[in-house]
Amino acid sequence: MAKGLGISKGTVHGIASALEETGAIMRNPFTKRYNLGYALVELGKKGLSKMPLREAARRHMEELVEDTRETVFLGILKDEHILILDVAESTNELKITSPSGTKMPLTAGATGKVFLAYMEEKSALKYLTSKGLVKYTKNSITDLDRYMEVLREVRKSGFAMDREEYLRGVKAVTALIRTEGPVLAAIWVVGFSSSISEDKMEYIIERTLQAADAISADLKRRERR
(Lines give C-alpha, C1' and ligand atoms only; values in the text may rest on other atoms or scores of the structure.)
Protein backbone atom coordinates (compact mmCIF):
# COMPACT_ATOMS: atom_id res chain seq x y z
CA MET A 1 0.00 0.00 0.00
CA ALA A 2 2.80 2.41 0.93
CA LYS A 3 4.63 1.70 -2.32
CA GLY A 4 1.50 2.15 -4.42
CA LEU A 5 0.58 5.44 -2.73
CA GLY A 6 4.14 6.74 -2.65
CA ILE A 7 4.04 7.54 1.07
CA SER A 8 5.73 6.09 4.14
CA LYS A 9 4.60 2.90 5.88
CA GLY A 10 4.05 4.84 9.08
CA THR A 11 1.65 7.25 7.37
CA VAL A 12 -0.24 4.38 5.73
CA HIS A 13 -0.50 2.60 9.08
CA GLY A 14 -1.90 5.74 10.69
CA ILE A 15 -4.50 6.24 7.96
CA ALA A 16 -5.50 2.57 8.05
CA SER A 17 -5.85 2.65 11.83
CA ALA A 18 -8.08 5.73 11.64
CA LEU A 19 -10.28 4.14 8.95
CA GLU A 20 -10.50 0.93 10.95
CA GLU A 21 -11.55 2.85 14.05
CA THR A 22 -14.43 4.52 12.17
CA GLY A 23 -15.57 1.21 10.71
CA ALA A 24 -14.69 2.16 7.13
CA ILE A 25 -12.38 -0.84 6.81
CA MET A 26 -11.88 -4.10 8.73
CA ARG A 27 -8.74 -6.17 9.17
CA ASN A 28 -8.93 -9.93 8.95
CA PRO A 29 -7.17 -11.25 12.07
CA PHE A 30 -5.95 -14.34 10.23
CA THR A 31 -4.78 -12.98 6.86
CA LYS A 32 -4.03 -9.44 8.13
CA ARG A 33 -5.65 -8.10 4.97
CA TYR A 34 -8.12 -5.21 4.94
CA ASN A 35 -11.69 -5.32 3.60
CA LEU A 36 -14.53 -2.80 3.39
CA GLY A 37 -16.07 -2.17 6.79
CA TYR A 38 -19.70 -2.09 7.85
CA ALA A 39 -19.75 1.72 7.85
CA LEU A 40 -19.10 1.85 4.10
CA VAL A 41 -21.58 -0.95 3.46
CA GLU A 42 -24.28 0.97 5.32
CA LEU A 43 -23.34 4.17 3.52
CA GLY A 44 -23.68 2.37 0.21
CA LYS A 45 -27.13 1.08 1.16
CA LYS A 46 -28.25 4.59 2.12
CA GLY A 47 -26.99 5.88 -1.21
CA LEU A 48 -28.96 3.23 -3.08
CA SER A 49 -32.10 4.04 -1.10
CA LYS A 50 -32.01 7.68 -2.25
CA MET A 51 -31.79 6.93 -5.96
CA PRO A 52 -34.73 8.37 -7.97
CA LEU A 53 -35.25 5.02 -9.68
CA ARG A 54 -35.60 3.21 -6.36
CA GLU A 55 -37.93 5.85 -4.96
CA ALA A 56 -40.13 5.71 -8.07
CA ALA A 57 -40.21 1.92 -8.09
CA ARG A 58 -40.79 1.03 -4.45
CA ARG A 59 -44.59 1.41 -4.32
CA HIS A 60 -45.03 -0.55 -7.55
CA MET A 61 -42.70 -3.29 -6.32
CA GLU A 62 -44.75 -3.73 -3.15
CA GLU A 63 -47.98 -3.88 -5.15
CA LEU A 64 -46.42 -6.48 -7.45
CA VAL A 65 -45.44 -8.61 -4.44
CA GLU A 66 -49.00 -8.38 -3.12
CA ASP A 67 -50.46 -9.40 -6.48
CA THR A 68 -48.06 -12.23 -7.31
CA ARG A 69 -46.96 -13.37 -3.81
CA GLU A 70 -43.43 -13.68 -5.19
CA THR A 71 -40.23 -11.68 -4.56
CA VAL A 72 -39.66 -8.61 -6.73
CA PHE A 73 -36.26 -7.15 -7.61
CA LEU A 74 -35.15 -3.82 -9.07
CA GLY A 75 -31.79 -3.48 -10.78
CA ILE A 76 -29.60 -1.87 -13.40
CA LEU A 77 -26.85 -2.81 -15.82
CA LYS A 78 -23.54 -1.79 -14.21
CA ASP A 79 -20.06 -2.61 -15.53
CA GLU A 80 -21.19 -5.73 -17.40
CA HIS A 81 -23.06 -7.00 -14.34
CA ILE A 82 -26.62 -6.91 -13.06
CA LEU A 83 -26.68 -4.78 -9.91
CA ILE A 84 -29.63 -5.23 -7.54
CA LEU A 85 -30.84 -1.86 -6.24
CA ASP A 86 -33.82 -2.96 -4.18
CA VAL A 87 -35.79 -6.02 -3.11
CA ALA A 88 -39.42 -6.43 -2.04
CA GLU A 89 -39.63 -9.86 -0.47
CA SER A 90 -42.47 -12.34 -0.80
CA THR A 91 -44.51 -12.97 2.32
CA ASN A 92 -44.22 -16.72 1.74
CA GLU A 93 -42.32 -18.69 4.34
CA LEU A 94 -40.10 -20.12 1.60
CA LYS A 95 -38.97 -17.43 -0.84
CA ILE A 96 -36.20 -16.30 -3.15
CA THR A 97 -34.23 -13.28 -1.95
CA SER A 98 -30.90 -11.48 -2.26
CA PRO A 99 -29.69 -8.23 -0.64
CA SER A 100 -29.43 -4.84 -2.35
CA GLY A 101 -25.97 -4.33 -3.79
CA THR A 102 -25.66 -7.92 -5.00
CA LYS A 103 -24.10 -8.35 -8.44
CA MET A 104 -25.05 -11.10 -10.89
CA PRO A 105 -23.49 -12.10 -14.22
CA LEU A 106 -24.98 -10.45 -17.28
CA THR A 107 -25.93 -13.84 -18.73
CA ALA A 108 -28.04 -14.62 -15.64
CA GLY A 109 -31.59 -15.61 -16.53
CA ALA A 110 -34.37 -13.30 -17.61
CA THR A 111 -32.77 -10.04 -16.46
CA GLY A 112 -29.61 -10.68 -18.44
CA LYS A 113 -31.74 -11.32 -21.52
CA VAL A 114 -33.53 -7.98 -21.13
CA PHE A 115 -30.34 -5.98 -20.70
CA LEU A 116 -28.58 -7.71 -23.58
CA ALA A 117 -31.67 -7.34 -25.79
CA TYR A 118 -31.67 -3.56 -25.36
CA MET A 119 -27.97 -3.16 -26.03
CA GLU A 120 -26.91 -2.61 -29.63
CA GLU A 121 -27.03 -6.06 -31.22
CA LYS A 122 -23.39 -5.85 -32.31
CA SER A 123 -22.33 -5.00 -28.75
CA ALA A 124 -24.39 -7.85 -27.30
CA LEU A 125 -22.99 -10.31 -29.83
CA LYS A 126 -19.44 -9.15 -29.14
CA TYR A 127 -19.96 -9.57 -25.39
CA LEU A 128 -21.49 -13.04 -25.70
CA THR A 129 -18.80 -14.16 -28.14
CA SER A 130 -16.00 -13.06 -25.82
CA LYS A 131 -17.57 -14.23 -22.54
CA GLY A 132 -19.44 -17.28 -23.76
CA LEU A 133 -22.79 -18.65 -22.62
CA VAL A 134 -22.64 -20.45 -19.29
CA LYS A 135 -24.55 -23.69 -18.70
CA TYR A 136 -25.97 -22.84 -15.27
CA THR A 137 -28.58 -25.61 -15.46
CA LYS A 138 -29.71 -28.21 -17.98
CA ASN A 139 -32.22 -25.62 -19.29
CA SER A 140 -29.63 -22.91 -19.98
CA ILE A 141 -29.43 -21.74 -23.60
CA THR A 142 -25.82 -22.22 -24.71
CA ASP A 143 -26.27 -22.02 -28.48
CA LEU A 144 -25.33 -18.48 -29.50
CA ASP A 145 -27.62 -18.29 -32.54
CA ARG A 146 -30.60 -19.46 -30.49
CA TYR A 147 -29.77 -17.01 -27.70
CA MET A 148 -29.55 -14.10 -30.14
CA GLU A 149 -32.95 -15.08 -31.54
CA VAL A 150 -34.37 -15.04 -28.00
CA LEU A 151 -32.94 -11.54 -27.51
CA ARG A 152 -34.73 -10.33 -30.64
CA GLU A 153 -37.99 -11.77 -29.29
CA VAL A 154 -37.39 -10.01 -25.97
CA ARG A 155 -36.77 -6.71 -27.75
CA LYS A 156 -40.15 -7.01 -29.48
CA SER A 157 -42.16 -8.07 -26.44
CA GLY A 158 -40.45 -5.94 -23.76
CA PHE A 159 -40.06 -8.84 -21.33
CA ALA A 160 -38.03 -12.01 -20.82
CA MET A 161 -38.69 -15.29 -19.04
CA ASP A 162 -36.42 -17.68 -17.19
CA ARG A 163 -37.65 -21.24 -16.83
CA GLU A 164 -35.00 -22.75 -14.56
CA GLU A 165 -32.23 -21.49 -16.86
CA TYR A 166 -30.19 -19.72 -14.18
CA LEU A 167 -31.21 -21.54 -10.99
CA ARG A 168 -32.68 -25.00 -10.81
CA GLY A 169 -36.26 -24.96 -9.55
CA VAL A 170 -36.65 -21.19 -10.06
CA LYS A 171 -38.67 -19.20 -12.60
CA ALA A 172 -38.52 -15.46 -13.31
CA VAL A 173 -40.02 -12.71 -15.45
CA THR A 174 -38.21 -9.44 -16.21
CA ALA A 175 -39.43 -6.25 -17.89
CA LEU A 176 -37.45 -3.20 -18.98
CA ILE A 177 -37.96 0.13 -17.19
CA ARG A 178 -37.55 2.98 -19.64
CA THR A 179 -35.38 5.79 -18.27
CA GLU A 180 -34.44 9.14 -19.79
CA GLY A 181 -30.72 8.50 -19.29
CA PRO A 182 -28.39 5.85 -20.73
CA VAL A 183 -28.85 3.49 -17.75
CA LEU A 184 -30.64 0.23 -18.47
CA ALA A 185 -33.01 -0.65 -15.61
CA ALA A 186 -35.41 -3.52 -15.03
CA ILE A 187 -37.88 -5.01 -12.60
CA TRP A 188 -38.22 -8.77 -12.17
CA VAL A 189 -40.34 -11.30 -10.31
CA VAL A 190 -38.73 -14.50 -9.02
CA GLY A 191 -40.28 -17.59 -7.45
CA PHE A 192 -40.01 -21.33 -7.11
CA SER A 193 -41.21 -23.30 -10.11
CA SER A 194 -43.55 -25.27 -7.86
CA SER A 195 -45.49 -22.09 -7.05
CA ILE A 196 -45.67 -20.68 -10.59
CA SER A 197 -48.04 -22.51 -12.93
CA GLU A 198 -48.38 -21.60 -16.61
CA ASP A 199 -51.50 -19.52 -15.87
CA LYS A 200 -49.70 -17.70 -13.07
CA MET A 201 -46.68 -17.15 -15.34
CA GLU A 202 -48.92 -15.35 -17.82
CA TYR A 203 -50.36 -13.22 -15.03
CA ILE A 204 -46.88 -12.36 -13.74
CA ILE A 205 -45.83 -11.31 -17.24
CA GLU A 206 -48.85 -9.01 -17.52
CA ARG A 207 -48.35 -7.46 -14.08
CA THR A 208 -44.57 -7.07 -14.46
CA LEU A 209 -45.03 -5.20 -17.74
CA GLN A 210 -47.63 -2.96 -16.09
CA ALA A 211 -45.32 -2.26 -13.15
CA ALA A 212 -42.41 -1.43 -15.48
CA ASP A 213 -44.61 0.99 -17.46
CA ALA A 214 -45.86 2.62 -14.24
CA ILE A 215 -42.33 3.09 -12.92
CA SER A 216 -41.21 4.54 -16.27
CA ALA A 217 -44.11 7.02 -16.14
CA ASP A 218 -43.33 8.00 -12.53
CA LEU A 219 -39.69 8.60 -13.44
CA LYS A 220 -40.71 10.92 -16.27
CA ARG A 221 -42.98 12.90 -13.94
CA ARG A 222 -40.18 13.24 -11.38
CA GLU A 223 -37.74 14.47 -14.02
CA ARG A 224 -40.19 17.15 -15.20
CA ARG A 225 -40.58 18.67 -11.73
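## Cavity

On a 1 Å grid over the protein atoms alone, a cavity is a set of points where a 1.4 Å probe fits but cannot get out, and lining residues have an atom within 4 Å of a point. In this predicted model, local features need pLDDT of at least 70 and side-chain atom pairs count only at pLDDT 80 or more, while totals for chains, interfaces and linings use all residues. Residues are numbered from 1 along each chain as its sequence is written, and side-chain values use heavy atoms, with hydrogens and water left out.

A search of the whole structure finds 1 cavity of 30 Å³ or more; a volume is the space filled by probe spheres set on grid points joined across faces, edges and corners. The largest cavity has a volume of about 80 Å³. Its lining includes G109, K113, Y147 and Y166. By class, this lining has 7 nonpolar, 3 polar and 2 charged residues (Ala, Val, Leu, Ile, Met, Phe, Trp, Tyr, Cys and Pro count as nonpolar, Asp, Glu, Lys and Arg as charged, and the others, Gly among them, as polar).

## Sheet

Six strands form an open sheet, a set of 6 strands in the order β5-β4-β3-β8-β7-β6 with antiparallel pairing. Strands (E, at least two residues) and helices (H or I, at least four) are DSSP runs, numbered from the N terminus, and two strands pair if DSSP finds at least two bridges between them. The edges are β5 (103–105) and β6 (159–163); each has a single partner strand, so one side of each is left without a neighbour in the sheet. Neighbouring strands are turned by 30° against each other on average, direction ignored.

Strand β3 (residues 71–78) and β8 run antiparallel and are joined by 6 bridges. F73 has W188 in β8 as its bridge partner.

## Helices

Helix α4 (residues 52–68) lies across β3, β4 (81–88), β7 and β8, at about 65° to β4. Axes are lines fitted to C-alpha atoms, for helices over the stretch in contact, with angles from 0 to 180 degrees between N-to-C directions. Helix α5 lies across β3, β4, β6, β7 and β8, and runs at about 150° to β6.

The axes of α5 (residues 109–117) and α7 (residues 144–157) come within 9 Å and cross at roughly 80°. The two helices are therefore roughly perpendicular to each other (65 to 115 degrees). In their contact (heavy atoms within 4.5 Å), G112, K113, V114, L116 and A117 of α5 meet Y147, V150, L151, V154 and R155 of α7. These residues divide into 7 nonpolar, 1 polar and 2 charged.

Terms used:
Angles under 35 degrees count as roughly parallel, over 145 as roughly antiparallel, 65 to 115 as roughly perpendicular and the rest as oblique. On a 1 Å grid over the protein atoms alone, a cavity is a set of points where a 1.4 Å probe fits but cannot get out, and a pocket is an open set with protein on both sides within 12 Å along at least five of seven lines; lining residues have an atom within 4 Å of a point.
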